[in-house]
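Here are my notes on the model you sent over. Have it open beside you and go through the points one at a time.

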Amino acid sequence: GTPRYEIVSNSIKLTGVCSESTIIDKILYKSNIASLISRVLIDNKTRSRITDVDITLYIAIIREIARLSNENNARLVIAYLGATDKFLKYTKWTNESLIHKLSRIGKVIDVTLADRAENLDAKYFIHELDPHPSAIANQKRAEILFPFLID
């Protein structure tokens with residue numbers, strides 16, 4: 001249900017929401033059997049792979065945020081959480097090239113908490129099967145960002 005944007009005529013446009021699944025879809029995909037069939041029989045790469053088009057859209061959204069920040073006399077700080085190599089595998093991008101590109105838009109602070117996303121300590125996850133950040137990760141990232149926000 002998050003906003004969905006697309007690049008239209010060199011600008012971004014809100015075009016709906018990312019997930020418009022039906023209640024049947026939601027119930028079906030909570031089923032372990034449906035999940036197993038999906039993993040085994042369906043090429044998940046076509047549904048979950050990040051493409052250069054996705055990253056171009058991401059950069060366009062950050063540019064729009066920067067424009068609005070500037071318009072409102074606000075300073076933009078971009079907290080960058082590094083992606084795994086697997087996540088960027090089907091793109092021309094690396095974390096380094098993304099940081100470089102974003103640095104031309106605003107101040108980028110790497111909050112990955114490791115030299116590479118693949119090396120992130122397990123204490124920074126809620127659980128080994130849930131990669132959302134733990135309270136410890138959120139605290140560490142806040143400590144990294146704090147000096148840049150009070151300046």
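**Notes on the model**

1. Let's start with glutamate 118, which is partly exposed at a relative accessible area of 35%. The cut-offs for that word are these: buried means under 20% relative accessible area, exposed means over 50%, and partly exposed is in between (1.4 Å probe, protein chains only). Glutamate 118 has a partner too: arginine 116 forms a salt bridge with glutamate 118, with 3.3 Å between the closest N and O atoms. A salt bridge here is a side-chain nitrogen of Lys or Arg within 4 Å of a carboxyl oxygen of Asp or Glu.

2. A word on where this comes from. This is a predicted model, in which local features need pLDDT of at least 70 and side-chain atom pairs count only at pLDDT 80 or more, while totals for chains, interfaces and linings use all residues. Residues are numbered from 1 along each chain as its sequence is written, and side-chain values use heavy atoms, with hydrogens and water left out.

3. Now the overall layout. The protein has 7 helices and 6 strands, and from the N terminus on its elements run β-β-α-α-α-α-β-α-α-β-β-β-α. Helices (H or I, at least four residues) and strands (E, at least two) are DSSP runs, numbered from the N terminus. Of the 151 residues of the protein, 23% count as buried. Take the contacts in the protein with a separation of 6 or more: residues 24 or more positions apart account for 56% of them. Contact means heavy atoms within 4.5 Å.

4. How many salt bridges does the structure hold? There are 4. Side chains of opposite charge can pair when their charged atoms come close. Besides its link to glutamate 118, arginine 116 meets aspartate 85 in a salt bridge (2.1 Å, N to O). Aspartate 85 sits in helix α5 (residues 85-88) and arginine 116 in the loop between β4 (107-110) and β5 (125-127), so this pair ties together parts that are 31 residues apart in sequence. Both ends are partly exposed: aspartate 85 has 45% relative accessibility, and arginine 116 has a relative accessible area of 36%.

5. Next, look at helix α4. Arginine 67 and glutamate 71 meet there through their side chains in a salt bridge (2.7 Å, N to O). The two are 4 residues apart in helix α4 (residues 52-71), so about one helical turn separates them. Arginine 67 is partly exposed at 39%, whereas glutamate 71 counts as exposed at 52% relative accessibility.

6. Two packed helices are described by the angle between their axes and the distance between the axes. For α4 and helix α6 (residues 95-103), the angle is about 30 degrees and the axes are 11 Å apart. That makes α4 roughly parallel to α6. Axes are lines fitted to C-alpha atoms, for helices over the stretch in contact, and angles run from 0 to 180 degrees between N-to-C directions. Angles under 35 degrees count as roughly parallel, over 145 as roughly antiparallel, 65 to 115 as roughly perpendicular and the rest as oblique.

7. Who makes that contact? On the α4 side there are Ile55, Tyr58, Ile59, Ile62 and Arg63, and on the α6 side Leu98, Lys101 and Leu102.

8. Serine 69 lies in helix α4 and is buried, with a relative accessible area of 14%. Leaving out residues up to four places away in sequence, serine 69 touches Ala74 and Leu76. Isoleucine 65 is also found in helix α4, and counts as partly exposed at 38% relative accessibility. From C-alpha to C-alpha, isoleucine 65 and leucine 76 are 8.0 Å apart in space, and they are 11 residues apart in sequence.

9. Last, check the backbone. Most residues other than glycine have a negative phi. Asparagine 73, in the loop between α4 and β3 (77-80), has a positive phi near 55 degrees and is exposed, at 75%. Leucine 113, in the loop between β4 and β5, has a positive phi near 75 degrees and is partly exposed, at 22%.
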